[in-house]
Amino acid sequence: MAAPLKASQIDIVKATAPVLKEHGVTITTLFYENLLEAHPELRSVFNQGNQVGGAQPRALAAAVWAYAAYVDDLGKLGTAVEHIAHKHASLNVQPEHYPIVGKFLLEAVAEVLGEACTPDIVDAWTAAYAVLADIFIKREQQIYVAFENWTGWRRFKVQKKEVESSEITSFYLTPEDGSALPKFLPGQYVSLRLHIPKLGVKQPRQYSLSDVPSSEYYRISVKKETGKSADAIPGLISNMLHGDFGEGDVVELTHPTGEFYVKAEDNAPIALISAGVGITPMISILNSIVATDSPRKVSFVHGARGSEVRAFADTIKRATEKPNVKPTIFLSRLKGNEIQGVDYDFDGRVNLDHVGSERLFEGDSKAHYFVCGPNSFMKHIKQYLLDHHVEEDRIHLEIFGVGSD
């Protein structure tokens, strides 16, 4: 267990925050280069598309800066720690990985800062990293304990593929060993791993589970990301799944996890607000509420570029046979054969002003809001809700971005 930070160490870490903000991406880029060169086995942990695009170094730089800025008030980082811990658990990160990461991260700091990296700074950051590692190790151990009889990667067969739209296909995955699957909470995700011949390593991606919890199968619904070119690494897994994987083929999954979920026993009103492939965890939540005959009020708000790329239209239509489920569908691009009030409600992007205060449960302090889609979309929706007096702890975002496909 790491020793608590001394006051002098806290002061030094906070004092270096501006320097880390300025040089953070340089430090973390060097860190990943050196780490993966020395430990090529870890290439199977990190999304190589995010390495090429620079998203992973930028995300780590931001995280390191935030830790330095709030090292004396770590409670403010609780949400971020929880998100990262679940992500680590989905990738089967183990305690022995932390000393390796710490070594190369601190070496990168020293190399980039040069003579400015004094022995006192090295001492303070070594101690600070040990404290942070302890926090993650303890939280991840709690998550692993909750996984009970399943930790690590497990082989699944593709039982069925089902086209949901011109871009999204669902994959029904059953365990190769035939044993019963643990239930998950609607909204959670799994990590999926494939061997990539062109890279010579396995690569993981995270995909939301998109159906009700089942002991027999898990369903994921994957958007085919074409990327800027056929050889682009971003979207590599989704293209392989769409093009190369069929019934009987094998993938690897880890235990479902994630802090974005709905508890079936809750009855407070809920607004599910999504755009594009962000609909996938919302369908799991919606189907679970409908399957249990819950009276819970549900406002289902979704935006798609057009009717051809809009997924799960029939699922939503069936769900709205329940009087407690109210959909509002936005289409940005109309072909001309869509019927307003049947195929969509409003043209254009999602605009919560059009949804209205009643369907947004404005004034109901128990209502919760779940948001998933592109980062800019989620940022806009969150700000709208905050401006309309929704407390932040009732707004839940599912972060795609780093680590997603």
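Here are some friendly questions and answers about this predicted model.

Reader: How do helices H2 and H6 pack, oblique or roughly perpendicular to each other?
Author: Happy to start there. Helix H2 covers residues 17-38 and helix H6 covers residues 97-113, and the two pack at an angle of about 130° with their axes 8 Å apart. Angles of 65 to 115 degrees count as roughly perpendicular and those over 145 as roughly antiparallel.

Reader: What are the numbers of nonpolar, polar and charged residues in the contact of H2 with H6?
Author: On the H2 side, the residues in contact include Val19, His23, Thr26, Ile27 and Leu30. On the H6 side they include Ile100, Val101, Phe104, Leu105 and Glu111. By class, the contact of H2 with H6 holds 14 nonpolar, 3 polar and 1 charged residues.

Reader: In which hand does H5 pass H7, right-handed or left-handed?
Author: Helix H5 is made of residues 78-90 and helix H7 of residues 119-147; their axes are 9 Å apart at an angle of about 55°. With that angle, H5 and H7 are therefore oblique to each other. The crossing in which H5 passes H7 is right-handed.

Reader: How many charged residues are in the contact of H5 with H7?
Author: From H5, the contact takes in Val81, Glu82, Ile84, Ala85, His86, His88 and Ala89. These meet Ile135, Phe136, Arg139, Glu140, Ile143, Tyr144 and Phe147 in H7. Sorted by class, the contact has 9 nonpolar residues and 2 polar ones, and the number of charged residues is 3.

Reader: Is the packing of H4 and H7 roughly perpendicular or roughly parallel, and what class of residue makes the contact?
Author: Helix H4, residues 55-69, packs on H7 at an angle of about 100°, with the axes 12 Å apart. An angle of 65 to 115 degrees counts as roughly perpendicular, so that is how H4 and H7 lie to each other. Val64, Tyr67 and Ala68 of H4 make the contact with Trp125, Ala128, Val131 and Leu132 of H7. The contact has no polar and no charged residues, and its 7 residues are nonpolar.

Reader: Is Gln51 buried or exposed?
Author: Gln51 sits in helix H3, residues 48-53. Beyond its neighbours within four places in sequence, Gln51 is in contact with Tyr32, Leu36, Phe46 and Gln56. Its relative accessibility is 18%, and the cut-off is under 20%, so Gln51 counts as buried.

Reader: How far apart are the C-alpha atoms of Ser179 and Ser215?
Author: Ser179 lies in the loop between strand S2 (168-175) and strand S3 (189-196). With a relative accessible area of 32%, Ser179 is partly exposed. Setting aside neighbours within four places in sequence, the contacts of Ser179 are Arg154 and Ser215. Ser179 and Ser215 are 36 residues apart along the chain, and their C-alpha atoms are separated by 8.5 Å.

Reader: What is the relative accessibility of Ile283?
Author: Ile283 belongs to helix H9, residues 279-291. Apart from neighbours within four places in sequence, Ile283 is in contact with Ser210, Arg219, Phe300, Phe312, Thr315 and Ile316. Ile283 counts as buried because its relative accessibility is 0%.

Definitions and conventions: Residues are numbered from 1 along each chain as its sequence is written. This is a predicted model: local features need pLDDT of at least 70, side-chain atom pairs count only at pLDDT 80 or more; totals for chains, interfaces and linings use all residues. Side-chain values use heavy atoms; hydrogens and water are left out. Axes are lines fitted to C-alpha atoms, for helices over the stretch in contact, and angles run from 0 to 180 degrees between N-to-C directions. Helices (H or I, at least four residues) and strands (E, at least two) are DSSP runs, numbered from the N terminus. Contact means heavy atoms within 4.5 Å. Ala, Val, Leu, Ile, Met, Phe, Trp, Tyr, Cys and Pro count as nonpolar, Asp, Glu, Lys and Arg as charged, and the others, Gly among them, as polar. Buried means under 20% relative accessible area, exposed over 50%, partly exposed in between (1.4 Å probe, protein chains only). Angles under 35 degrees count as roughly parallel, over 145 as roughly antiparallel, 65 to 115 as roughly perpendicular and the rest as oblique. A crossing is left-handed if the near helix is turned anticlockwise from the far one by less than a right angle, and right-handed if clockwise.
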